[in-house]
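Have the sequence and the model side by side as you read.

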Amino acid sequence: MKDFFRIMVCDKQGRIRQQQEGEGRAVLRPSSPYEPGDVIRIESRRLPCPLKVSLSPALPEAEVWLEDHAMEFPVPLGEEEAQAYPADAFGEERGIRVEAVSSQRWGAYRNLSENPLDRRGETTVYPHCTASVETRGESVFAARNTIDGRCENTFHGEWPYTSWGDNEDPEAEIRTDFGRRVLADRAEILIRADFPHDNYWKEATLEFSDGTAERLFMEKTGSWQSFSFIPRTISWVKLKELKKSEEESPFPALTQWRIFGMDCEK
């Protein structure tokens, strides 16, 4: 079956404002500005499938797994929602592109968890990151920020210094779902390093969907920290049992985390 894609921009009533189709690749350049309530919708004839998607010239393209139905992305135009994106992400320069991902690329060893287009709520698009708590419910502290590929970690509370914190909850957890089975063997963690405002977690547990876990011991550093483990076939991974240091600040936070490995799907 050939890859066939359809891109649509729909209004808040679900009516199609503009659309474009293509085999192997489709490109849509919306001719009018986005309006409140608009949704970008991408459909694929072949499901489930890997896709390469760009929703804005101001955002990096994402390699994602579309599990079922269509990919829907509500355009973040509200002031609070837009804080997690560049100011011009959905402004005057508009462009949407989708294309197939080669089997060689999808089967390669890589970062399995990055998705700049992840969003809160239910989704058919993976990787997808959720958490038990999000600080004040603000988009700049949403779980999805930790897999968007942004690594600026010396400040907080505004673009591009997005992050996720535990909201001072000792039971806080954050989880990334892959939407399928993957073979993983390494994690990398980048904590937020806006010291002395920030604290840091000195210990944490990495729990896997196969029922196993790894205890991590972390340092106070603004650099990436890498943790290798025996390869596991998993569908999700969770960071939990976060134990902050004895420093005065109550605000440890996570800027990015990566899970490395390869796809298992046939």
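Trp-164 is buried, at a relative accessible area of 0%, where buried means under 20% relative accessible area, exposed means over 50%, and partly exposed is in between (1.4 Å probe, protein chains only). Trp-201 is buried as well, with a relative accessible area of 1%. This is a predicted model, in which local features need pLDDT of at least 70 and side-chain atom pairs count only at pLDDT 80 or more, while totals for chains, interfaces and linings use all residues. Residues are numbered from 1 along each chain as its sequence is written, and side-chain values use heavy atoms, with hydrogens and water left out.

Aromatic rings come next. The structure holds nine aromatic pairs; rings of Phe, Tyr and Trp (its six-membered ring) pair if their centres lie within 6.5 Å, and planes under 30 degrees apart count as stacked, over 60 as edge-to-face and the rest as tilted. One of the nine pairs joins Trp-65 and Trp-106, which are stacked at 6.1 Å centre to centre with 20 degrees between the planes. This pair links distant parts of the chain, 41 residues apart: Trp-65 is in strand β6 (residues 62-66) and Trp-106 in helix α2 (residues 103-106). Helices (H or I, at least four residues) and strands (E, at least two) are DSSP runs, numbered from the N terminus. Trp-65 and Trp-106 are both buried. Trp-164 and Trp-201 form a tilted aromatic pair, with 6.1 Å centre to centre and 35 degrees between the planes. Here too the pair links distant parts of the chain, with Trp-164 in strand β12 (residues 164-165) and Trp-201 in strand β14 (residues 201-208), 37 residues apart. Elsewhere, Tyr-34, Phe-73, Tyr-85 and Phe-90 make up one aromatic cluster.

Some rings have a charge over them, meaning that NZ of Lys or CZ of Arg is within 6 Å of the ring centre and within 35 degrees of the ring normal. Arg-110 lies over the face of Trp-106, 4.4 Å from the ring centre. Lys-220 lies over the face of Phe-195, at 4.9 Å from the ring centre.

In soluble globular proteins, nonpolar side chains tend to be buried together. A nonpolar core is a set of buried Ala, Val, Leu, Ile, Met, Phe, Trp, Tyr and Cys residues joined through side-chain atoms within 4.5 Å. The largest such core in this model has 30 residues, and Ile-189, Leu-206, Leu-239 and Trp-257 have the most contacts inside it. Strands β13 (174-191), β14, β16 (225-244) and β17 (253-263) each supply at least two residues of this core. Of the strands, β13 gives the most, with seven residues.

Where is empty space left? Rolling a probe the size of a water molecule over the atoms shows this. On a 1 Å grid over the protein atoms alone, a cavity is a set of points where a 1.4 Å probe fits but cannot get out, and its lining residues have an atom within 4 Å of a point. Grid points are joined across faces, edges and corners, and a volume is the space filled by probe spheres set on the points. The structure holds two cavities of 30 Å³ or more. The largest has a volume of about 70 Å³, and its lining includes Leu-59, Tyr-85, Arg-144 and Trp-159. By class, this lining has seven nonpolar, no polar and three charged residues; Ala, Val, Leu, Ile, Met, Phe, Trp, Tyr, Cys and Pro count as nonpolar, Asp, Glu, Lys and Arg as charged, and the others, Gly among them, as polar. The second largest cavity holds about 50 Å³ of space. Phe-73, Asn-115 and Val-125 are among the residues that line it, and strand β7 (residues 70-74) gives the most to this lining, with three residues.

The backbone is the last topic. Most residues other than glycine have a negative phi, and most peptide bonds are trans. The bond from Tyr-126 to Pro-127 is cis, with omega near 5 degrees, and Pro-127 is in the loop between β10 (125-126) and β11 (128-131). Trp-159 and Pro-160 are also joined by a cis peptide bond, with omega about 0 degrees. Glu-168, in the loop between β12 and β13, has a positive phi near 60 degrees and is exposed at 52% relative accessibility. Glu-241, in strand β16, has a positive phi of about 50 degrees and is partly exposed at 45% relative accessibility.

Methods. 1 Å grid on protein atoms, 1.4 Å probe; cavity = no way out; pocket = protein on both sides within 12 Å on 5 of 7 lines; lining within 4 Å.
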